[in-house]
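Visitor: Hi, I'd like to go through this model with you. Could you walk me through a few local features?

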Amino acid sequence: MIKFDCRNADKAVIGDENGLDLAAEFDIWGEKVRNIIVDLNKSKDIPGSGLQWMNLGYSQETAWYVKEYAALVKNRFENLLILGIGGSALGGMAVCHALLRPYWNYLSKEERNGYPRIFFLDNVDPDSTVSLLSHLDLKKTLVNVITKSGDTTEIMAQYMIIKNMLEKELGDDYRKNIVATTDMRSGILRQISEQEGYKTFVVPDDVGGRYSVFSAVGLLPFALTGIDIDEVSNGIKDMDLALKNTDIRQNIAAQNALIHHLLDTKKGKHISVMMPYSSRLKYISDWYTQLWAESLGKQYNLEGNIVFNGQTPLKALGATDQHSVLQLFNEGPNDKIINFIRVKEFDNTLEIPKIFEYTGIGYLGGKSINQLIDAEADSTKVTLTDNKRPNVTITIDKIDAYNIGQLLYMFEVQTAISASLYNINGFNQPGVEQSKNYVYALMGRAGYEDSAQNLHSKLSLV
Ligand code: PA5
């Protein structure tokens with residue numbers, strides 16, 4: 001199981017001003033946290049609770065359909081192109097980047113075991129879109145359009161462009177190159193998929209975009225690229241079992257949620273840094289950033305009072321960012337809690353040759369890059385602790401499907417517990433919806449005429 005070390009958030013280590021009396025806080029908050037955990041597990045099947053994601057690890061049906069389709073199309077496509085944004089893309093990107101062999105798209109078909117290259121188009125930048133589309137042979141590309149609402153502008157615009165290109169190249173056969181992941185009943189993509197006869201997968205009810213990575217949103221790209229989705233589910237289920245423990249002393253998601261909450265509200269740590277020491281885990285920070293920001297950044301609490309809640313997530317990568325933001329972390333405002341993610345055993349060991357022994361770099365010879373990245377992580381942890389900056393360390397044994405399932409699920413539960421601690425709704429995103437609606441208006445969608453007029457007059461002033 002994943003290990004969690006929170007000693008460097010304790011006042012015994014970093015002092016009273018910046019640290020917490022963890023033992024005392026666990027006592028004080030134990031009952032409240034117990035109730036939150038009981039409540040989450042009790043409410044997860046209630047429609048409208050937004051908690052269906054807690055059941056995804058157990059959904060054998062989805063896994064079965066996804067595997068069946070993946071087996072059917074195996075070897076048929078050279079590329080898999082994902083059209084998605086926010087919650088429809090970030091989880092897939094995080095997991096594929098972690099679990100596929102690094103530089104996957106540069107590997108030969110044999111090295112990829114016949115599985116396709118994978119590309120995520122998660123923006124509407126004209127230059128990168130044109131460049132990617134000119135590089136891909138669309139005839140050999142499977143396009144997975146992912147949108148829960150079925151009408152997000154960025155995705156639908158990309159989809160419309162690509163559908164036309166596919167149709168030109170393939171004639172009526174183009175439909176076989178499109179698979180849609182969307183709501184079961186509603187939304188424009190559902191309607192189009194039925195008209196056009198696309199293969200479809202479902203984003204279940206009560207699963208918000210940022211919690212959807214273990215639905216077909218993520219499972220389909222994983223299975224299509226050969227990731228063992230049963231092992232991902234095993235990781236989720238084992239973590240779910242562990243996190244059902246209502247004793248905060250035994251529940252790492254609850255501990256990290258409470259530590260973040262108290263450091264934010266009592267000690268002025270308004271920034272949560274996610275810093276994995278592994279390039280393969282780089283996009284876990286992007287995924288976490290969305291999860292933490294969209295879930296906890298809320299204007300109102302559950303009673304409708306204005307609270308302007310939220311702790312700002314910040315991504316960093318070890319060891320790279322030791323030569324960048326670490327200066328600020330160490331000496332700038334003491335307003336952060338740093339989450340390290342460490343990997344006990346990398347897949348590879350790379351030795352540094354014993355050369356230049358007569359020079360100042362001779363000491364590196366005979367050591368490994370593995371030792372070096374560990375030393376980097378240790379040194380950062382110690383310097384931050386010396387500077388009284390609270391930090392916690394999450395350690396996974398190795399980067400594999402089982403551990404990644406555990407890790408992401410743990411952060412999801414931590415976020416849900418945090419939302420309850422802050423007394424806010426962790427499962428809506430009105431701030432995101434507002435911007436989506438403004439884009440509809442500016443792009444001329446029917447029904448948004450008044451909003452468009454209002455926006456144009458505002459835009460003429462700025
Ligand atoms: O987490 C969220 O709700 C958002 O980031 C959405 O996932 C994102 O806006 C895309 O929405 P949709 O899947 O409806 O196209």
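Guide: Happy to. Let's start with isoleucine 355, which is partly exposed at a relative accessible area of 45% (buried means under 20%, exposed over 50%, and partly exposed in between, with a 1.4 Å probe and protein chains only). This is a predicted model, where local features need pLDDT of at least 70 and side-chain atom pairs count only at pLDDT 80 or more, while totals for chains, interfaces and linings use all residues. Residues are numbered from 1 along each chain as its sequence is written, and side-chain values use heavy atoms, leaving out hydrogens and water.

Visitor: Where is isoleucine 355 found?

Guide: Isoleucine 355 sits in the loop between β11 (336-343) and α13 (369-386). Helices (H or I, at least four residues) and strands (E, at least two) are DSSP runs numbered from the N terminus.

Visitor: And which residues make the nonpolar surface patch?

Guide: Ile355, Phe356, Tyr358, Ile361 and Tyr363 make that patch, of about 620 Å². Patch residues have over 30% relative accessible area and no salt bridge; like charges are joined within 9 Å, and nonpolar side chains (Val, Leu, Ile, Met, Phe, Trp, Tyr) within 5 Å. Accessible areas come from the Shrake-Rupley method with a 1.4 Å probe, and for residues only the protein chains shown count as cover.

Visitor: What is phi for phenylalanine 356?

Guide: Phenylalanine 356 has a positive phi of about 55°, although it is not a glycine. Its relative accessible area is 43%, so phenylalanine 356 is partly exposed.

Visitor: New topic: how many salt bridges does a search of the whole structure find?

Guide: The search finds 22, counting a side-chain nitrogen of Lys or Arg within 4 Å of a carboxyl oxygen of Asp or Glu.

Visitor: Which residue does arginine 280 form a salt bridge with?

Guide: The partner of arginine 280 is aspartate 347, and the closest N and O atoms are 3.2 Å apart. Arginine 280 lies in the loop between β7 (271-276) and α11 (282-296) and aspartate 347 in the loop between β11 and α13, so this pair ties together parts 67 residues apart in sequence.

Visitor: Is arginine 280 buried or exposed?

Guide: Arginine 280 is buried, at 15% relative accessible area, whereas aspartate 347 is partly exposed at 49%.

Visitor: What about lysine 244 and aspartate 240, how far apart are the closest N and O atoms?

Guide: They are 2.5 Å apart in that salt bridge. Aspartate 240 is buried at 2%, and lysine 244 is partly exposed at 34%.
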